[in-house]
There are 2 protein chains.
Amino acid sequence: MKYTPFLNYIKNFVDLNEKEITFLRSYTNYKKYFKGQYIVKQGEVCNHTNFIISGCTENFYMDQKGQEHIVTFAIENWWSSDISSFITQKRSDFNVKCLEDTEVIQFTCQNQDEIFKNIPKMETLFRKLLEKALVSSQKRIVNNFSLSAKDQYIYFKNQYPNIEQRVPQYKVASYLGITKEFLSKIKAQLVKNKS
Amino acid sequence: MKYTPFLNYIKNFVDLNEKEITFLRSYTNYKKYFKGQYIVKQGEVCNHTNFIISGCTENFYMDQKGQEHIVTFAIENWWSSDISSFITQKRSDFNVKCLEDTEVIQFTCQNQDEIFKNIPKMETLFRKLLEKALVSSQKRIVNNFSLSAKDQYIYFKNQYPNIEQRVPQYKVASYLGITKEFLSKIKAQLVKNKS
DNA sequence: TTAAAAAAATAAACTAGATTAACAAATCAA
DNA sequence: TTGATTTGTTAATCTAGTTTATTTTTTTAA
């Protein structure tokens, strides 16, 4: 069933009994988006936290000059939302867009609170997820400061080996904060040095 | 008493009864560090989360070339630790050092878990703090990508108006990921354009 | 199966910010 | 109250990464 990958994922962190699982299912819902569809649009409030069952999303924003900057990618077993908009319930600064057909389990804001109230283990799970997310976000800042673009690209490839094949190269460049032209140059360099 | 600022801070988020406060106090402890002292050292395990009652700390790391990069500053009513080392209990990649005499309330790893078990409201508080921290970390990544060094400096001044006066300028430059010379240039420019 | 659109590569000119070096001010320790 | 250390400035030169422009390759849709 649709929920299976999600329940398996949760099992990695906490054990839920039948009653809790039933509760969790009744307070979340399954949804399918198609390639190109927006889960969240810049300027609108982000109403859901999404757990990705299958597919791939990008989280990006458009700056004043009309340039897109990709903040994160997300694939199966990851979470995807604009957490800032979700927690404050204010307009989002980001877009979340599907790069493939994408199936998700959605938590609304109110339901998430209900879930936490009724299944404290779920709040523990979310706390731990947030800790991890914060660590990797800080790691990214650190890399940004201390690695050259080339080394950041290499780090990205090691860290997220599955993503590069699934998204166009210019989006990887955007994620790295460099131009597609420069990434192209870096790749040419890497190929040359290998042979 | 020493704990007052900490209890006041908590009151902004959740209400604790007398029993809970007593519990919280018995599972945390007060400590004073002096200017220049390290709270955490790169290579050692970070055993505490620290709530700052007074003072100022920097969280930085040394890269392969021996260069220091400041990741965050923290002052009164902020938290300071190497969260990555704290949650994994592995060697820290960062140093936390006092830029002023600094008083903190400390949570050890085990005690934090005990506190969460006995006062679920405290876990909610930490979840919310982590959400906020993640948002501001992501915001920093975004700024890094879309703002010039000058605009990042202006953003920093607005966001953290109290910090610039308390730390040397070259540390602000390090936080911004630019050289002290370039920050000096930026400041000269800003002064000129104002007049 | 083909034409149109999207993605990637290449290269020359350019710029934000780094590096180096020398000097000036401010702070601190005795 | 002075000299030593820490912090900040200025300026010339240099470089990693951008911009702009053109061409090639790949993907997509009908």
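F156(A) sits in helix α6 (residues 149–159) of chain A; helices (H or I, at least four residues) and strands (E, at least two) are DSSP runs, numbered from the N terminus. With a relative accessibility of 2%, F156(A) counts as buried. Buried means under 20% relative accessible area, exposed over 50%, and partly exposed in between (1.4 Å probe, protein chains only).

Neighbours within four places in sequence aside, F156(A) is in contact with F73(A), I163(A), E164(A), V172(A), Y175(A) and L176(A), where contact means heavy atoms within 4.5 Å. R140(A) is 16 residues from F156(A) in sequence, and their C-alpha atoms are 9.8 Å apart.

## Basis of the values

The model is predicted: local features need pLDDT of at least 70 and side-chain atom pairs count only at pLDDT 80 or more, while totals for chains, interfaces and linings use all residues; side-chain values use heavy atoms, with hydrogens and water left out. Residues are numbered from 1 along each chain as its sequence is written, and chains are lettered from A and ligands numbered from 1 in the order in which they are written.

## Loop residues with positive phi

Most residues other than glycine have a negative phi. N77(A) is not a glycine, yet has a positive phi of about 70 degrees. N77(A) lies in the loop between β5 (68–75) and β6 (79–80) of chain A, and is partly exposed at a relative accessible area of 37%.

Q89(A), also not a glycine, has a positive phi near 55 degrees. The loop between α3 (83–88) and β7 (95–98) of chain A holds Q89(A), which is partly exposed with a relative accessible area of 33%.

## Packing of α4 and α5

Two packed helices are described by the angle between their axes and the distance between the axes. In chain A, helix α4 (residues 109–118) and helix α5 (residues 120–146) pack at about 115 degrees, their axes 4 Å apart. Axes are lines fitted to C-alpha atoms, for helices over the stretch in contact, and angles run from 0 to 180 degrees between N-to-C directions.

From α4(A), the contact draws on Q112(A), I115(A), F116(A), K117(A) and N118(A), and from α5(A) on P120(A), M122(A), E123(A) and F126(A). By class there are five nonpolar, two polar and two charged residues. Ala, Val, Leu, Ile, Met, Phe, Trp, Tyr, Cys and Pro count as nonpolar, Asp, Glu, Lys and Arg as charged, and the others, Gly among them, as polar.

## Chain A as a whole

Chain A contains eight helices and eight strands. Along the principal axes, the C-alpha atoms fill a box of roughly 60 × 35 × 30 Å.

Of the 195 residues of chain A, 48% count as buried. Among contacts between residues at least 6 apart in sequence, 70% join residues at least 24 apart.

## Relation of the two copies
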